[in-house]
Amino acid sequence: MYPRGHSLKDLVRTSPFLNPPPKATPDSLALLGLRRDHFIPITLQDDGAAVTNTRFGSFPHQALLDLPWGTQVRAINVNASRSKKSKKQGGGKKRKRADDDDGDGNLREDDAGGEDGEGEDGHELASSGFVHLLPPTPETWTISLPHRTQVVYTPDYSYVLQRLRVRPGDTIIEAGAGSGSFTHASARAVFSGYPSQQASAKELENVENGIAGGDALPKKKKRKFGKVYSFEFHEPRVQVLRDEVKEHGLEEIVTVTHRDVYEDGFCIDEEVDGQPQPRANAIFLDLPAPWLALKHLTRSPPTSSQIRSSANSPMPVTESDKPFRTPLSPTKPVHICTFSPCIEQVTRTVSMLRQLGWIEIEMVELLHKRIDVKRERVGLQEEGLRGGNPMPKSVDEALGRLREQELRTRGFYERQKAKAEGKEDDDADAGAEAMEKELVKVEDGTGDAEGIESLLSKQQRMESNQSKAQERKIWKEGKLVHRTESELKTHTSYLTFATLPREWTEEDEKRVARKWPVKKQGGVENGDGGKRGRKGRGKEEAKLPEGGEDD
Amino acid sequence: MHSRVLLNTHVVLRLPSGQFKIVEVIPNTAIPLGKYGSFSTNLILGRPYHLTYEILDKEDGQTHSKLRLVPASELNAEALASEDAAAQGEEKTESAANAKGGVEFDIVGENGELLMRSNRLTIDDPLRQTLTQDEIEELKRAGTGSGKDIIAKIMASHQALDEKTSFSLAKYTVRKSKKYLKRFTVLPMDPGMLAKVMMEREAVRIMELREEMLGLIASWANVHHYSDPGEEMETKRGGRWLIIDDTGGLLTAAMAERMGILYPQEEEVEESDEEDLEESNATNGTNHQAPSPKDPPRPTTTDASEKELATTTSNPKKAPYNHTPSQSSPTTTLTLLHPSAQPSLGLLRHFGFDTNEPSPTHPLHTHLKTLSWLSLLSPSTDPAYAEPPLVTAEKLATWKSGKRGTYHRKRRRWERVKRVVDETREGGFDGLVVATAMELKGVLEHTLPLLRGGAQVAVYSPHVEPLVQLMDLYSRERRAAFMIGGHTSAPSPHANETEKRELEEDFPLNPLALLNTQLQTARGRAWQVLPGRTHPFMTARGGAEGFLFSGTKVQPVEGRVEARGRFAKRRKVEGGGEG
C-alpha cells in the first residue's frame, strides 16, 4: 500500500505526472485509454455516484479506484449495479478485495457463472467493452487535453526541449501557454523536486543519497528547483491553465502569469532565495510576433542602435522609468526557441535575434512521420475477406484462374449449344448435380479447392473463403509492409533556435586571466600526442581536423 | 556546469570548417588545432561557453598565441549587412524589374547602376584569381592578422569579384573564411552535442542515433527526475528505468541528463558563491583541481556497517568517498543490462565517468546500475552472484592488510551485484529504453515482465525492419486472435508441448501486454535564413533514418475474455479497439 499519513507527504502535494502512486487514488488525474490516440482524462472521485461514460461503456470510479495502473477494466452495467447496490445499502466505500495485490484472479472467480457476471464491488459487468486505466504522462495529456489553441505536439516539444538543453533544475520561460501541452512537458523536464519539500524536510533527517539528497549540500549551496514560468495573454485560458496546473499537482513547479509579454516583458514579482525571478536559462516563444518580445529578453538594456527600426519592422524602444531588470540567468547561457508557422515570421525573428547579439542562430523544421505496419495479403483466397487484396498472387495463380475461366466459358457455350439443340433439361440437371457434388467436397474440405474455384459463383467463392478464413492464421500470413500513416502533418511550425552566451566583460576576463596565467613554458601538448594517460582520452581527441579542401 | 569551462571537463571546439574537436581541459597544456594554430587551455578555462575566439599571431618570444574574443556583433555582422542591403535594394529592385519586364538579366537601377547581377556573364576560369597558391602560402607564413587579411587580399585579387552575383559572392566568402579564418567556438559537452560529433566520426558506434531521436526517446519513455517527499524517510525505490544501450553510452548519457544524474554537480552556485570559489582557487594555485565546483554533495550513508567496512579498507586518498556503496541509490536510477561481461559505456568518459574506475563523486556512481543478461536470467550460474565466504572479525584481524583488502573488496563487489540483481529481478520499473542490435523479441520477452503497469517502453533502431516486425507482434489481428483464442498472459499449465510451441510461434510475446504501440521517425531539416535567400540547406547527412517504437505496459484482464468473445466477436475487436 502507498504510505499515507506521512508527515512530509501531507505537507507536499505531489503530481501524478511525476510521482504516480502505484495505484489509482482519489482526486488524482487518471486516463482511460480507449484505443490508440484516444484517451479520456478523468479525476477520480471517491464517490459512489461518480461515473465516466465512454463509447465503450460506463465506468463508475468506485470500480477504478485502487486498481494498479495499466489494468484493463471492463465496462460496468451501471443501472443494474445501482439497483443492486441500493439493496446492499451501497454507495459506501468498496469492500476490500482479498486478492487485491496479486492482480487479476478475482474477476474470474466472480463471474464464473454467467455472461453478465458480477465484478468487484458488486458491480455488474456489461457484456462488452473495456478500457485501460493509465497514469497521466505529458504525451497522453497532449493527446487528450481540452483544446484551446493549436497544440504543440510531442515530436515538436521533445525536440525543442532537447535542443534547449532543458535539464532538471533549470528555469524555462514559456510564452503563449496555449493549451498547456508544452507546459506539462517542460514541467517534467525541469522537475528536480518540490520546493516545499526542502523546507519541510529541514526538520527531518535526510537519509537520501546522491543528488536527490539536496539537503546534504553545504548551507550556502541550496539546491535549485526547476521552474516553468508560463505567460499567456488570453485571460480565460490563464485561468483554465492555472486550474489544471493546480489539479495536476504542478503548482510548485509551474507559475502561470497573465501578461502581454510584448509590452510588459517577462520579469515577475516573485523571489526565490532573494533573487528576482525568473532568471531563466531556456525560453520557448509560441507567439504570433516573437520579435516583439525579444527586446525584453536581454541581459542589459538594448541600445537603439541594436534595434534598428526599419520600415517593415516598427519597434519603438519604449523608454520607461523603471530600472532595467533582466529575466535571464546572469551566469548560464540562455537558449531560445521560437515556434512560428510562417517563414516571414522566421525572417523577422532571426533578424532581431542577430541584432540583439544572439548567436548560433539556426532554423529547423521537424519532419515527423508515424508509420503504419500491416500485412499485405494477396491472392484469390482473399476474395470476400476484409483487408485482403483478391488479385491473383502470382503469374501461376493468374494462369490457373484464366484457364478455369476459359473452361467455364467453354462449358457455358456448350450448354448454350445443347440448349439450342433441345436437350437442355437433362444437361442442365446434370450440370447442377456436378456443381452440387463439388460444393459438398469443398465443405468437407476434401475437394481440390483450386480446381473447382471457378466453377462456383462469386457468392459461393466468397462464402467458401470466409469459412476457410476461420481456420487460417491471417495475422501471420502475407507480406509484412510499412508505410507512412494516412494522416500526415507535413508542417507544424518552423523552429528557430539561438543562444545568448553569458556576458563577459573586460574585468571578468582580467580576473580569470589572473587565475589562469599562461606560463611562458607551458610545454605539455593537449590533444594529439599529449602525455596525459588513458583517462579521458581516446582516438577522438587524437584525431586532428584535416585541412583537406582546396579550390 | 554549463556556464563556464571547468577543469578537467571535456569541451567541444567548433572550427571554421564546421568540424568538431573534443578536448579535455587540462590546465597549462596547449590545444593544437592543426592549420588554425594552437593555444593554451588556460585561455579558455573559467570562461563562459558559446564564445568564439580568434587565434592571434604569436608575438616575438611567446610560446603561445593570444586569443581575441570575437563579439556577437562581429559574428552576425555579415548577415546583418546583407539584411541591410536587401532592405535597401528591395524597392529599387522592384521598380527595375518592372521596367525591364521582369526579364532575368542584370538588374540595372534607374541611374544605370548595377543592382543585381545574373550569372549570364560568369566565366568559369580558375585564372581569374590572380593570387597563386605560392603567394597565398607566403601570406600565411608572413602571418598577418588572423586570416582576415588573407581573405581580404584574396578577395581583392579576384579579377571578377564585381561580376559575381550576391549569391555566389556570399558563397565565395564563406568558402574562403572556412579555409583561412583562425577562429574556434567553445561549446559545452552534452549528449546532444556528442551525438552530433559522433555522427560525423563513428556513426555506426552510436547506432546513428541522432539528436532528434534522443528527444523523442526521452519523451516516450517518460524519463524524468524522481523525487518523492513521501519516500524520503524510507529508502523506498522510485523513478527506476531499465536501459539496454548498444550506443557506447550515448543513450545512457542522454537519459541520465534528463534525470539530472549526468553532471557531477548541480548548477546551484550563485554569483556570490562563485566569487568565493574563485578566491579559493586563486590561493590554491593553478595546478590544483578546483575543489568546490567538482564536489557534488557528499551523500551520507545509512548503513553503519558499510561505513565501517569502508574505513577499514580504504587508503587515505580514497577515504572520504567510499562511504556510499556504488550503484546503491534507491531513486532516479538507470539499470543497464549488458550482453558482455562488462558494460560498454565508453562515451560516458566525456562526462567524467569511467566505468572501470568510477569516480565516487559522480552521480552515476550511485545512480547507474549495471548487470549482465546472465546475472538477470540465471544468477545462480553467475560467479559474481555467489557469496564469498564470510570471515570472522578475529580471523580477519590476523590477516595481512593486503589480504584483508581483497577480502573486503570481494565482499563489497558481491554485495553490490546481489543488491542490483535482486532489485532488478524484483521488477517494478517505470520504463524501458532500448537501443540494441539484438533480436528485440527476446529482449522484450525478458524485460517486459520487469515493468510496472502503465510503464512506458521505447525501442530505438536505426533501421525500420526490426521495429516493423515488433509492431507486427502487436498487430490488431494478432490481438484479436489472441483474445478470441481465450489465451491469457501465460500458456495454460495443462497445455501439452505441441500446443505450447504453437502458442509460442503464433504469439511470441503476449500481444495484449503492450498498449498504444506505435512506430515513428523524426528528422530535422535545417534552413538558411537570409533576406531573399531563405531556403533549406542543400545537403545533409544521409544514412540510417532512425525509428522509434513505443508502447505502454498494461495488465490484460484474465479469464472472461473468452466468454465475451463468443457473443460479440466483431464488436469486441472494435470495442477493444486498441489493436
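The model is predicted, so local features need pLDDT of at least 70 and side-chain atom pairs count only at pLDDT 80 or more, while totals for chains, interfaces and linings use all residues. Residues are numbered from 1 along each chain as its sequence is written, chains are lettered from A and ligands numbered from 1 in the order in which they are written, and side-chain values use heavy atoms, with hydrogens and water left out.

Me: Why is B:Gln456 called buried?
Reply: Buried means under 20% relative accessible area, exposed over 50%, and partly exposed in between (1.4 Å probe, protein chains only). B:Gln456 has 7% relative accessibility, so B:Gln456 counts as buried. This residue lies in strand S14 (residues 451–461) of chain B; helices (H or I, at least four residues) and strands (E, at least two) are DSSP runs, numbered from the N terminus.

Me: Which residues is B:Gln456 in contact with, leaving aside its neighbours within four places in sequence?
Reply: Contact means heavy atoms within 4.5 Å. With those neighbours left aside, the partners of B:Gln456 include B:Trp220, B:Ala221, B:Asn222, B:Asp430 and B:Thr552.

Me: Why is A:Glu360 called partly exposed?
Reply: The relative accessibility of A:Glu360 is 25%, so the residue counts as partly exposed. A:Glu360 lies in strand S14 (residues 359–378) of chain A and also has a positive phi, of about 50 degrees, although it is not a glycine.

Me: What makes A:Glu365 and B:Arg525 a salt bridge?
Reply: A salt bridge is a side-chain nitrogen of Lys or Arg within 4 Å of a carboxyl oxygen of Asp or Glu. The side chains of A:Glu365 and B:Arg525 meet at 3.3 Å, N to O. A:Glu365 lies in strand S14 of chain A and B:Arg525 in strand S15 (residues 514–528) of chain B, so the pair joins two chains. A:Glu365 is buried, at 7% relative accessible area, whereas B:Arg525 is partly exposed, at 38%.

Me: How do you know that B:Lys441 and B:Glu504 meet in a salt bridge?
Reply: Their side chains are 3.9 Å apart, N to O. B:Lys441 lies in helix H15 (residues 440–447) and B:Glu504 in helix H18 (residues 497–506), both of chain B, so the pair ties together parts that are 63 residues apart in sequence. B:Lys441 counts as partly exposed because its relative accessibility is 25%, and B:Glu504 counts as partly exposed because its value is 38%.

Me: Why is helix H5 of chain B called mostly covered?
Reply: In H5 (residues 191–201), 8 of its 11 residues are buried. Among them are B:Pro191, B:Gly192, B:Met193 and B:Leu194.

Me: What makes a set of residues a nonpolar core, and how many residues has the largest?
Reply: A nonpolar core is a set of buried Ala, Val, Leu, Ile, Met, Phe, Trp, Tyr and Cys residues joined through side-chain atoms within 4.5 Å. The largest has 88 residues, and those with the most contacts inside it include A:Ile172 and B:Met255. The largest share of this core, 7 residues, comes from helix H7 (residues 250–259) of chain B. Apart from this core lies another, of 36 residues, among them B:Val457 and B:Leu470.
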